[in-house]
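Please consult the sequence and the structure shown here while reading.

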Amino acid sequence: MIMVISFTMIGCNKDFLNIDPTGQVPEETAWQDPALAQAFITGIYSGGTGVNGLGVGGFDEQMLASLTDEATFTHTGRNINTVMEGSASPSSIGWIPGSYSWKNLYDNIRAANLSLEKLAEPKIDTVLANRLKGEVHFLRAYFYHQLLRYYGGIPLITKAYDLNQDYNVTRNTFEECVNFIIADCDTAIGLINTTQMDKGRASVLAALALKSRILLYAASDLNYLPLAKTKFAELAGHPKPELFGYTGGDRKARWTAAKLAAEQVMNMGTGYKLNLSAKVSAAEGKTNYMSIAMSGYSKALGMDANAGSEVIFGRYYNLNVNTGGGVSIAQYNGPNGYHNWAGNTPIGLLADDYEMADGTPFSWSNPAQKASPYTGRDPRFYATILYDGADWKPRNLISGDVDPANQIQTGQYDLMVSGAKTTFNGLDTRSSSIEDWNGSRTGYYMRKFIDPDPKIVDANTKQLIPWPFFRYTEAVFNYIEACIELGEDDQARLWLNRIRYRSGMPAVTDAGDALKKRYRNEKRVEMAYEEQRYFDVRRWMIPQETVGRKLTFINVVGSFKPGQQLANTYRHDNNIYNYTYTPVVNEAHENRKWINKMYYAPLSRDEMNKNTSLVQNPGY
C-alpha cells in the first residue's frame, strides 16, 4: 500500500514542524521514520492528508456567524437561506461549514484512527510516539465534539475502515459520546504530559479546554431531556431521544463537573489582564480587545503581543515567499469601498446588544441614543464593528484620493458637486462609485479579526491573525455559567466583572435570573464571531427570541445643517450634517424564522443511504 503524505503549514517557522511534502512513500517506511510520522499527524491538523483537517478554523469565506443573530452573508445563492428560513432537509441540507461537515469530520476521524493503529506498536522513539498518540486522541475528540454539537449523538468509530467493509453502524447516545470525548481528552493529557508544545499543536491545556466545553454542553438545558422535551416537541416524539441528551441523572453533579473542569483550565492557563480590580479606560479597553483578537500577530501601533496568551489552541498561519500563506478574512469581509467583499456583515441585532459605556442597555426608544447611536458604547463595539463614520484604513492606497478622512461611509449624504446639491451614496454602500457590488446590506462591516495595520491592503494582502479554537476567556465563561447554575453568584460576578474591567466596562451587581441574562449578553459581545453563539442559543433553548428574529439593518442619512455645505469629497462631520439613523427590518434578503428542527442539522440523504442503520434527526 502507498501512502501520500503532504500538509499545509499551520504554525510559524520557529514554532511548528516544517517538512516539505514527501510525495509517495511506502506506508510502513513512513511509520518507521520520525519525521514522516510527524508529517502525517501534522496533515490531520491542516488537511494535508487529503481531508479538511482543522482547515482555516472559522475563517471561511462564509462564517458560522451568518447562521446566527450576529451577521448575515451578503451574497445570495450560497444555501444559507435554506438553513435560516427553516427549509433544510435531508435532500437539501443547505450550507454547512466544512469544519462541521459529516463527511469531512469522519474522514479526519479515519485518519486519526489509522494513526493510532500504526502507533500502537511504535517503530519510532517511544516518547515521540506517545506524544503523537496524545495529539491524535485530542484531535479525534475535537472532531467528535464538532459532530456531537452539530448533529447530536453520532456513531463512535475507533478503527480505520477499508474499502468494501460493512459501514452500517448505529448512532451512540449523547451520554456515550460525551464519555468517549472525555476519555480521549484524558488520554491525550496523560500522553502529551507537557504544556510546552509548539503553537498550533495540541497541548495538555487544549485538552482541558475541550473537556471544559463538552462538560458545559452536557450540563445544559438542551441536553437534559426531561426539560428539553417540554420545549422541543419533535424531540419528545423521536424514536431515540437519548441521542440528544441525558434521560435523567443529577444535573447539579453535571454542573459541578463543568465548573471543576473550567477551574482546571483557569488554574493552568494565564489569560490576558483578568486580574484587574477596576475597569480600565475606554481607550485601553478597546485596545485590550483588539489585541486579543490579533493574538500578537499584528504590527499595528498599540497592539499588545502579550494578548497572545489568551489563545489556548489556535490555527496559526505561515507566510511563505514561495507558496503564499495567511488567510483572506479581511478581503472576505471588509468594505467594498476598499475593494473587499463585505461577506459576513454584522446585523443591527448585534450592534444594538452592546451596552452603553455606563453599563445601561442601548435603546432606540431613547431619543439621545437614537440621535447618536455610536457614541458612548461598550469599547468592544468599536473593536468589533465598522459603522458609518468610523475611522478606518487609508483608502488612497487602493482607491485614490476619494476619501481624505478615511472613514466608513454606509449612508446617503448631501454634497455639493459643481455648485449643485446632490445626494451622494457612501463609498461603502451598494451604490458606491468605487464598486457598486459587494456592499453591505446591513450598514455595518466586520472589524474584529481584521488586522488594523494601515500598511495591509486587505483586498490583495493576506493576514496572519490566528483563529482561536479555544481561548482562556471561554473557560472563564464556562466557570461563570456553572457558578450561576449552582447558585454561586458571588464567584460568577467576580469573574464576569474581571472580563468587563479588561474591556473598560463597569461592574455588574445583578443576581439570580438577572445575572444569568447579563452573563449571556456579556458572552454574546465578548465572543462575537468566535462560533459560540450558534451553539449557545441552542443549548440555552432560547433560539426563538434570538436567531429566530428578522434581520435588522440601519439606514443612515446626512443632511446639511442650515447654512452649512460640503463640496466634492464627503467626510463625516457633525458640525456640517444632521444625521438620522433608522433601524429597519428586512425580510427580502433572508426571511428568517425558527423551526424546532433547526436545533440540529439534518443527516444528508446520501449518508442515510450509505449507512442504513442511521436514524434521522428530529423534525426531518
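The sections below take up each topic in turn.

## Basis of the report

The model described here is predicted. Every value in the following sections is computed from that predicted model.

## The largest pocket

Which helix gives the most to the lining of the largest pocket? That helix is α4, with 7 residues. Helix α4 spans residues 102-118, and α21 spans residues 605-610; each of the two supplies at least two residues of the lining. By class, the lining of this pocket consists of 11 nonpolar, 7 charged and 2 polar residues.

Strands of a sheet pair through backbone hydrogen bonds, in either a parallel or an antiparallel manner. In this model, 4 strands form an open sheet in the order β8-β7-β11-β12, and the pairing is mixed. The edge positions are held by β8 (420-425) and β12 (577-586); each has a single partner strand, so one side of each is left without a neighbour in the sheet. From one strand to the next, the twist averages 30°.

How many bridges join β11 to β12? Strand β11, residues 551-560, is joined to β12 by 10 bridges, and the two strands run antiparallel. Within this pairing, T552 stands opposite V585 of β12.

## Helix packing around α19

Helix α19 covers residues 512-526, and helix α18 covers residues 489-502. The axes of these two helices come within 11 Å and cross at roughly 30°. Angles under 35 degrees count as roughly parallel, and α18 and α19 are therefore roughly parallel to each other. Their crossing is left-handed.

Helix α17, residues 472-485, also packs with α19, at an angle of about 170° and with the axes 11 Å apart. Are α17 and α19 roughly parallel or roughly antiparallel to each other? Angles over 145 degrees count as roughly antiparallel, and α17 and α19 therefore fall into that class. The crossing in which α17 passes α19 is left-handed.

Key
Residues numbered from 1 in each chain as written. Predicted model: local features only at pLDDT ≥ 70, side-chain atom pairs only at ≥ 80, totals over all residues. Heavy atoms only, no water. Nonpolar A, V, L, I, M, F, W, Y, C, P; charged D, E, K, R; others polar. Pairing = 2+ DSSP bridges. Axes fitted to C-alpha atoms, helices over the stretch in contact; angles between N-to-C directions. Parallel < 35°, antiparallel > 145°, perpendicular 65-115°, else oblique. Left-handed = near helix turned anticlockwise from the far one by under 90°.
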